Amino acid sequence: EKVAPPDEEAIRERYRKIATRLVNPEIIRFNQIFISTVNKSQSQVDALRAKAEEAHRKLRQGGDFSALVTEYTDDPNSRYSGGDFGYLARDDARAEAYFGEEFFRQLFSLRENQVSEVLRSNIGFHIVKVREHIDAKILKLDDQLSPTNRMTVREYISRLLINERQQRLLQQAYAQVVEELRQEASVEIFN
């Protein structure tokens, strides 16, 4: 509690040391119509592809994306939020393994506000509308760490420096207590 917050110079110095590690990968936020093919037979998958193509045809004819999400999607978490998937980072290896490399490649090739064709992933069919496409970049001091984390780089570094100072003080206090206990104790070593 007695640790004073770092000054601006200390923050800037640490930023210069770690700036190249403060990188946001390419990120997209998208809405989707999702039709699951998990545990389906080939004939069922073919029927589900036709269902996805039907939804896509309605979109091309001017259908409302949100209304079609409500009608077609198998994702209960996004059905009533317009199919909002949220943010997805290009370097998210777990998500890439889950959805499939080809799906990821196609997804990240879309531009902002672009609607995809019917895309196939490891888990189903998707029609995607990209809401936001953020290029990879090195973060500046006053940038947010990510779209989902409101903390700025400056706040992050400040907390990092405070934590380091607290750890040093804790280690010093621990060493002091150990030394005091050694001075008070009578220690005999037997061979």
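Trainee: Which hand does the crossing have where H2 passes H3?
Mentor: Keep in mind that this is a predicted model, where local features need pLDDT of at least 70 and side-chain atom pairs count only at pLDDT 80 or more, though totals for chains, interfaces and linings use all residues. Residues are numbered from 1 along each chain as its sequence is written, and side-chain values use heavy atoms, with hydrogens and water left out. A crossing is called left-handed if the near helix is turned anticlockwise from the far one by less than a right angle, and right-handed if clockwise. As H2 passes H3, the crossing is right-handed.

Trainee: At what angle do H2 and H3 pack?
Mentor: H2 covers residues 42-60 and H3 residues 65-72 (helices are DSSP runs, H or I, of at least four residues; strands are E, at least two). Their axes, lines fitted to C-alpha atoms over the stretch in contact, lie 10 Å apart. The two helices are therefore roughly antiparallel (over 145 degrees). The angle is about 160°.

Trainee: Which residues of H3 make that contact?
Mentor: Contact means heavy atoms within 4.5 Å. H2 brings Lys51, Glu54, Ala55, Lys58 and Leu59. From H3 come Phe65, Leu68, Glu71 and Tyr72.

Trainee: Is leucine 145 buried or exposed?
Mentor: Look in strand S7, residues 144-146. Leaving aside neighbours within four places in sequence, leucine 145 touches Asn24, Leu139, Met151, Thr152, Val153 and Tyr156. Its relative accessible area is 18%, and the cut-offs are under 20% for buried and over 50% for exposed (1.4 Å probe, protein chains only). So leucine 145 is buried.

Conventions:
Axes fitted to C-alpha atoms, helices over the stretch in contact; angles between N-to-C directions. Parallel < 35°, antiparallel > 145°, perpendicular 65-115°, else oblique.
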